[in-house]
Amino acid sequence: MLMLALALPACKKFLDINRASDTNPTPVTVDDFDQMLNTTGICETSFELLRAPTDDADVPKTPVEPYYGFAIWFVDPWQTRPDDIYGTCYKWIAQMNMVINSMPTALPTGQMNDRRALAIAQAKINRAYFYFQLVNIYGPAYQPASAGTDLGVPLILQVSSQVSYPRASVEQVYQQILTDLKDALATPELPDFHPDKNVIRPGKAAALALLARAYLYMGNYTQAEKAASAALAIRSSLLSYLNYKVPNSTNDGRMVTLLQQQLNSEVLLARISQAADPRFVFSSDLVSIFDKTNDRRYTSSYIVSNRDGAIYLFGRVGSVAPINQDNGIGVPEMMLTKAECLARANDPVGAVNLLNTLRATRIVSNPNLNLPTNVTADQALVMVLQERRRELMFKGGTRLFDLKRLNLDSRFKKDIRKANGLGNFVTLPAGSPNYVFPFTRASLIANPLLVQNPRVQL
Amino acid sequence: MNNFLSNDSIKLRLSARSHLGIGLLLVLLLLSVATFAQKITLNYQHAPLEQVLREIRKQSGYDIFFDQNLVNQQPPVAVKISNANVEEAMSSALKGLQLSFAINGRTISIKKPDKAVAATGKQQKITITGTVIDDNGLPLAGVSVSSATLKPVYTDGEGKFTLKDIDPLAVVHIAYTGKITVERTALSISLMAETLLETGSIDLDQTIIQGQRMAGKAPGTFKLDISHRKQQSVVQALEGTVPGLVIKSQRTTTTQLIYTSDGFGVPAGRYTREQLYNAAKAALGAYLDEAGLQNYVNSLINQGYSNGKTTSITTITNNGVIPELRGAGGFGAGNNAMLIVIDGFIQDSFPADYPMANVLSLEVIRDPAETIKWGPRAGNGVIIITTNGGQPGKLQMNYTSTFNFSGAPDNSAKALQRASTTQILDYEMEAYKFFPIAGAGRPDLVYGTSSVSQILLEKRRAGLITEAEFQSRWNLLSQLSNEDQYREQQRGIFSQNQNLNLSGGNKYHRFSLNGNYNTSHTEALENSNRIWGLNLREQVSLLKNKLQIGLQVNSSLNKGIAGTMLDPAELQPYQMLYKADGSYVYDYTKLFNQDAYTNLKTSYPGLQNYGYNPLEEARGTRMSNKGHDLNTSLNVNWKLLDGLTWSTNLQYTDKKNNGENLRQANTYAARELYNNYYAVSSIKEAYFPGSGIFVPTPLTPPVAYLPLGDIFQASQSTSNSTNLRTGITYNKVFNQKHALNVGLGFSAFKQLSRSSSDLPLYGYNSNTGLGTNLSLPNSNQILSNVLGAINFSPLIAPIPINRKPERNMSTNASLDYTYDGRLGLQAFYNESYMPISSADVYSSTRNYNAMASWALHKESFFKFPLISKLKLSAGFGEIKMASLPVNLPAVRVFQPNWGTTSLVVNGYNPIRQNGERIRNYDALLDLGMFKDVLQGQLNYRYNSMGVKNQVSGRISYHISKANYFNVPWVSNLMIEGFVSNISPAQALAQMMSTNSPLTGGGFSAATGNFDLGSLPEHIKNREISLRFGLWKDRLTVDSRYYNRSSSGMSNGTFQSDLSTGFAQRSLYSRMDNKGFELYLQGKIFQGDGFTWNSIINAAYNLNQAKDVLKPIYDPTTNYLMANRNGYALGSLWSFRWAGLDNKGNPQVFDPNGNKVSILSNQSTGISPLTNANENWIEYSGRTTAPWSGALIQEFGYKGFYARASLRFALGHVMRTYRPIMQAGSDKSSLIENRWRQPGDEAKTDIPGIIFLDAARTFAAQNSSNSIAPADFFRLNEIQLGYDVPAKWLTGKYVKSLNLALNLQNVALWTRNKLGIDPEAIMSNGKLLPRQPLRYGLALFVGL
C-alpha cells in the first residue's frame, strides 16, 4: 500500500493519455461533448423527399423510388426502402440529448469548462430544429383545437438504444420545441452567432429564426412577428442575386455548400442538403408564378433538358451528379414571416414594403418589380404567400409545411393535380391525409408503439 | 503456452517406470515444506501407520515413499517421542513391524526388507524412464532431466525421458525451462507413478488455493501430437486433430432485393411494355420516330428499368479461414474464432500459414476458467503456439527444410460448373427474344454494358449486319474459349521454409536462436510472400541460481505482393485474354462499348480506352506490403533473500506495416479515372434521331484535370505496446509451524495503434517517388462525359488517421498464511485503473478476497479412515466495479475545412459498470476419500448482486486406483466432472489476477490487460470426462461431455428502433453449446520393430441460440440465415420448393400447402414474396457439421513411419447454386437444363428465361431444392517418413537425419449427388476451386 501511495502521482501521469486525439473515444469530457456540436452532418440532413408531394414538383422523367411514390401520393410510397429522414433526424436528436444531459456532469477540461451552458443551448436549438421537421413531416399541421390529441412523433429527450416511445401529441412536440428555444435564448452565454463564423453551431439568431418559424406554423402570429423582428434585428442583410449568371456558365457564385454558408450574410440557421438528387422537375404551377425573364431565383436555378424538354433543377446535365441545396433559415424567411404576420395583423403597407425590399435583391429591375402597397390586408397576404413560395422553394420542406397549414384556411386551400408520367392525372385534395408521411414497415416493426399514419388511395 | 513465463498452473507430474522390476507400485508422495530443522515430536496411542508417517513427513519435511497397500496392511502403531531426529522417529514408528526404511538425501523409502533391493546399496546402477506431464496430464517436451554425474537428457515430444546407468541415490534434477526445478533421488523417481508434484518448494495445498481462485479448474487443455508435422502449416496441423475443432471458411454471400429506379418516369415494374411504350410516346413522340420509340423502350427494359422491378445486390465477404471450437460461442461477426497466442503474444488474426517447422508445441485451451484470463476474445478457446526453444544444455544445431508444392487448382468450366461458350450463346440467343439490348439499333452509341454477343444480336436485329455476316461471326464466337488462356496464367502453389535452430549453454547460461526463412506464392498472378524470422531465447542464471534472467525476442520481417487471382467467371467464356501476338483483347462491358468509345473519342480526342482486360489489370496493379513484427519479453526472477523473490516481466511489442498500391497508367482503373476527370465546363446532349440515344458533346475543349500516369497510394499502420509486471513474493516457514507467503505487485500497460493512408499520387513516377501536381479547376461547374458535374474533393480530401491509445495500471497484494498445515488464511487484493478521459481521471476496478481454511483431516481427533482429506474453507470478498460512463462508441474526426474536431457517437452500449460493489461469500469443501481415490471440491459463492448463486466444483474418481478395483486389463479408469460458473464480475477479477506475481515468483502467461470497461459474458460450463486405459494403456480413451451456456448482452447485432437515434441495439441473449468429444488411441500392434497406432477423434456439437430477437420476415439472404431461438448458428431456412409451373416459373408452397408461382405482378410490381411471411419458410439444416472428427493411422517400422488421416464432417447441409434466369446471362452450366417449353417442368427445376424479376430469382435460389447434404470424408493426408538410424550416422557431423514425404488433399467422398466439395463452396452455392493435391517434402538434420 505504501508503494501504491508513492506511485500514485506517477500513476496519474501515466494514465493521463491524450484521449483528445483518440479517434474512437467514449465521450466523457466537456471537450468531447462540445465537439459533438461541430459535426457538419448536423447541418446536412437531406429533406429532398419533402419536395415530392408538393405543387412545386412534377413527376420527374427519371425518378428514383421512393420519390415517385411520394410525388403522386401512393398509399405505400416507401415499399421496402428505408426512411432516411426519420433515422437521421433521430440520430442527431440522440446526439443532442447526449450533450444536453451529459454536459452538466461532464468531466471538466481546462478552458472548455465555461462552454457547458453554451453547448447545451446550442444542442437545444438543434434538437428543436429536428423536432420541428419531424412533427411537420409525420404529423398533421398544428391546429390549436386538436393539437393535444393529434399524433406527432415520439418525443425522446433521454439517450438509450433500448427504449421505444409512443408518439407524443403534436402539442407536446411543439411545446418542447418552444421550451428548448426559450431555454437557449435565456442562456446568457449564447452569442448572436457562434464565434469564428462557424455556421455549424447555431447562435441566438438561429434560435429566434426557429422560434419565429415554430410560432408561425402554430398560427401564433404575434409571437412569430416578435421573434422574426428580433432575428432581423440581429441580421438583416440580403445578398444581391442580380449579378448571378445563368447556369452552365463557369461560376454562378451561389452559396450552397456549408462552407459557403459561412460567408453568406443572409444565413441565420445554416442547413444544407448534401448530394441532393438533382432529378427534380419544376412544376408548371411553380414556373407560372415566376417572372421567367427577370427573376434570378428562377433563371439561375433551372436548366431545360434537351433530352425531354423538362425543366430540371440546376445541376442535372444528362447525369445523376448531386448538388447541394440550401435548407437553412435566412433573413428572407424572417422578412416573409414578418410580412405575413403584418398582413395578418392588418398592416398591408408594412408587409408589402418588406416584400419589395427583398424583391429588389432578387429580380432585375423592371416595371413589375415593386409590388403596389395600396392593397388590402388580404391582398397583401396573398402577395406575401406567393413571394414566400418563390423565395423558399425547395427549402427543406417549407412548401410542404405551408401547404398543410394553408389548407386549413378556406381562403388558401388548394387541390394539387399532377401528371403521373403516363398520361394520367392524380389529384391530391386539400387536407388529404396523404400529406402526412407514413412510417416504414421497418420503423413500425422496430417500435410496436408507433401508430401508422393512415393514407388513402387517390 | 509460454513455457518460460508461466508456472502459473503448470505442475509437473512424473510418471516413471523402473527397470528394477518393482513395477507399478502405487505410492503416495508426500511433499515437504522446505525446511531444514527436523526435530520431531510424536505422541500416538493407536494410530494408523500412515497417519504417523504423514506427521513425520510434516515435521521433518522429508518425502516419504511407501507402497500404499503395504502400509494399509500394517496394524495401528503407538509412538511417543519428543525432539527426535528423523531416523529415531522412523525407527519408533516402524518398531515391531516387518518393514524397513532407508533415508537417502531427503527421501525416506519404506520397504519390506526382502524387496528393498536398492534401498541401501550403491552397488547396482539403474535405468530410469519416465514421462513428464503437466497438470492436465499432457506431456511436456524439452524438460531437462539431469544429475551431477550424468549429462542432462531432455524429454521428447511425448514427455518421455530415459536416464541410463544412474546411481539409485543420485539426485536427479528435473527442470522445465529454468522455472520449475524438482530434485529427487533416482530411486524415488523409479518408484513414482502418476505423482503430482508442485513447483519447487510449494506445498501441495497451494494447488487448492489456485483452485479456489480459478473457480474450479478443468482439464481443458488439449495438446496436439505434432511429431512428424514439421513440413505443414498450423492450419494443416490443426485440421482433424483436435476433437471439436473445425476449420471454417468465412466466405459469405448475402443478397438483398433492391427495387431499381426506373428510367422513364414510371416506377419500377408498374407497367407493361405496352404502357412503357405509350409513356415513351407521350413524352418523346415529338423527337422519336416509331423505331426510335421501340428502341428506347427496349433500352429501358434492358437497363432494368422495366418489368423487372427489382434487382438484387449481392455482397461477398471473405475472411479467410478461422478455427472454431465446439460450435459458435457467441453472437456477432468474428465472434466465433479462437484466440491465437504465439509465445505469449496475442495475434490479431489466425496465422493459418505459420510454418510448423518453427513450432515446438501446439495446445488448445477450452476451459472457460482458463481462457477468460486471455480476455474477452478468448471466450471461444485459445490456441497456444510455442515456438522452438531448442533444448538447452549443450550446443545443438537443428536444420529443417520443407518444400510444399501443388499444381494450380482446377478452375476449368467443368470443375466449377460454369457454362461453356456454346451454352452461353444458346442462352443469349433465347434471352435476346426477351431483352433486346440498349442501343436500339445504334449499339455504336450505347453507353452500357452489353457483351459482344448481345451487340451482335442487336446489330442483326437492327439490320446493321447481314444474316450471313452475323452467322459467321456467331460461329466464330462459338469456337472461342478462354479456358486455356486462363489456365496458362495460373501457377502452381509453392512454399518453402528453411529453419535453423541453434541452442546450447551451460549451467549459467542457455540460449536458443532460431532463424526462419519462408517464401511462398499462391496461384494468384504476381503473388509472392517472403518472411524472415528470428527468434531468440536467452536464459541466464547468476548468483548461484538466485538471479534468473530470461529474454525472448520474436521478430519477423515480411514482404509481400498480394497478386491477383484471375477469376474465369468474370468474363464471357469466349472473351479471350490475349491474341496470338500477345496483345491484349479488350472487354467493353464496363462502361462504353467499343463503338461508343470510338464515337465519343471524336468529341473527346484524349479519351482513354474503355476496354478492360483482367490480365493487363492484374499485371498493372501491384499491391505490396512491407512490415515488421517485434515481440519481446524480459523476465527477471531474483531470490533476494531466503524466501524473498523479486520478479519482473516486461513485454514490448512493435508492429508496423506499410502498404503500397500502384496502378499503372495502362490499367482500366487508371484509364477510367482519367476519363472521369477529362472534362469540360459546358456540355450539350446531342440526340441521335431514331436511336433514342443521347450523346454528350462538349461545348468547350476538354481538359484533362488528372495527369495521365500511374496512381500510387501508400498506407501505414503501426501498433506498439509495453506491458510491465513486477512484484515481490516472500515465502517462509517459521518454527516449522508458520508458513507465510506474501506477494506485492504492480503492473502498467500501454498501447498505441495508429493507421493512416496517404493521398493518392497521380501521375506517379516510381523513380522520383513523386506524383504530378493536379491542375484543379477554379470553377465548381466542370462536367465529365459520364459523371456530370464533377466533384474534385475526393481527389484532395484528407484521409482521416485512426489513432487509439490504451493504458492501464494495477496493483495487487496477496497473503497466504498456514499454521501447522492445518489452519490457513489467504487474502488477496487487486486493483486496476484505467483512464476514462483526457483529464487525469481514471476509474478503478477493485477486488479483494479473504478466506480461512481448516484442514480437518490433519487434526489428531479426526478419525475417519475413509476420508483422507477434508478441508473446509470460508471466505468473503468484494468486487468494486469501475464507475464508468455509458459506453458511447464514437468517432472523432478532424475537420480541416473548419479547423474543428467533431465527434459523432454511433452506438450506445448500456452494459457498463457503475461503481457497483458486489460482495461475495464463499464456502469451500475439499474432500478426499478412499486414500484420495475420490477427490472433490465444491465451491459455493453467494453474491450480493448480479449472478447471486454460483456453484463451481469438480470431482474426480480415480477408480483404477481404488483398493477394491482389481481388473487386470484395465490399467487406468478415471471419471472426472466439473462445473464452472463464472459471473461477469468474476471474469473481470480473473483477468485482473494475471497481473499478480505467482507464489514463488514469475507471472502468468496470460496478460489480462483488456478493457475492463466491457463486461464479459456469464459463462456456465459443465463437463464430465471419462478416461480409461486398457491392457496397460494400449488403448486409451478420453471422452467428455460438455454443456456450456454463455449469456450476456450482445452488442450491435440487432436492429434498433430508429427513433432511439441508433442503428443497432443491445439485447440479452444466450448461446448454448452441448456436445460430446471422444479421443481414442489404440496401440494396435507393437513389437518386433513394427508399431501400429490408431487414433479416432470424434465430436458432436449442438449449439443453440437462446433468447435472440425473432427475425422479421424480409426476403433477403440475411433473413434466411438469421439466428433463431433453439437453432444452431449458421442455420439455413428456405422456401418450400414446389417445382416449376407450366410457364417455367418457380413455385413454392405457401403456408396452406398451395403452390404459388413466384412472378411479380405486372401491374403492381409486387411479388408474392413481398407479402409472404415467416410461415413460408422451413428449416433446412445447419451449415456447420454437428459431427466432425478424424481417423488417423500411424505405422512405424524401424526408422520408417507412415501416417494417414481421414477427416470427416457429417450432418450438415449447404446451399447449392441455382442460376438467375433473367436478363444478362448467368454463367452456371445449369442454364443448359432450363425450362424451354411447357412440359419441361416435369424434367427440370431450372426456370425458363424471363424479364428481370429479382423476387423470382430469389425464390429459385433459396428454396428447399437448393439444399444438399454437405457430409464428407476426406483423406486429408498421407505421410511417409524415415528416421535415418543413428548407427549410420556415427562418426559423422550429423547426429540425426529425417526425411518425410507428405501428400495433402488426397481423396474426397461426399454424399451430395453433384460431386461438390462442401469445403469449396460459397454461401450462395457458387463453387470455388478445390484444394489441389499437395506434395510436401521435409528434411530434418540434427547437427
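Predicted model: local features only at pLDDT ≥ 70, side-chain atom pairs only at ≥ 80, totals over all residues.
Is B:W1031 buried, exposed or partly exposed? I looked this up and found B:W1031 partly exposed, at a relative accessible area of 47%; I used a 1.4 Å probe on protein chains only, with buried under 20%, exposed over 50% and partly exposed in between.

Residues are numbered from 1 along each chain as its sequence is written, chains are lettered from A and ligands numbered from 1 in the order in which they are written, and side-chain values use heavy atoms, without hydrogens and water.

Next I turned to the rings. I counted 42 aromatic pairs over all chains, pairing rings of Phe, Tyr and Trp (its six-membered ring) with centres within 6.5 Å; planes under 30 degrees apart are stacked, over 60 edge-to-face, the rest tilted. B:F470 and B:W474 are stacked, at 5.2 Å centre to centre and 25° between the planes. I find B:F470 buried at 0% relative accessible area, and B:W474 buried at 7%.

Back to my opening residue: B:W969 and B:W1031 have ring centres 6.0 Å apart and planes at 25°, so they are stacked. B:W969 is partly exposed, at 44%.

Last, I checked charges over rings (NZ of Lys or CZ of Arg within 6 Å of the ring centre and within 35 degrees of the ring normal). B:R460 lies over the face of B:F470, 4.1 Å from the ring centre. A:R362 has its charged end over the ring of A:Y241, at 4.0 Å from the centre.
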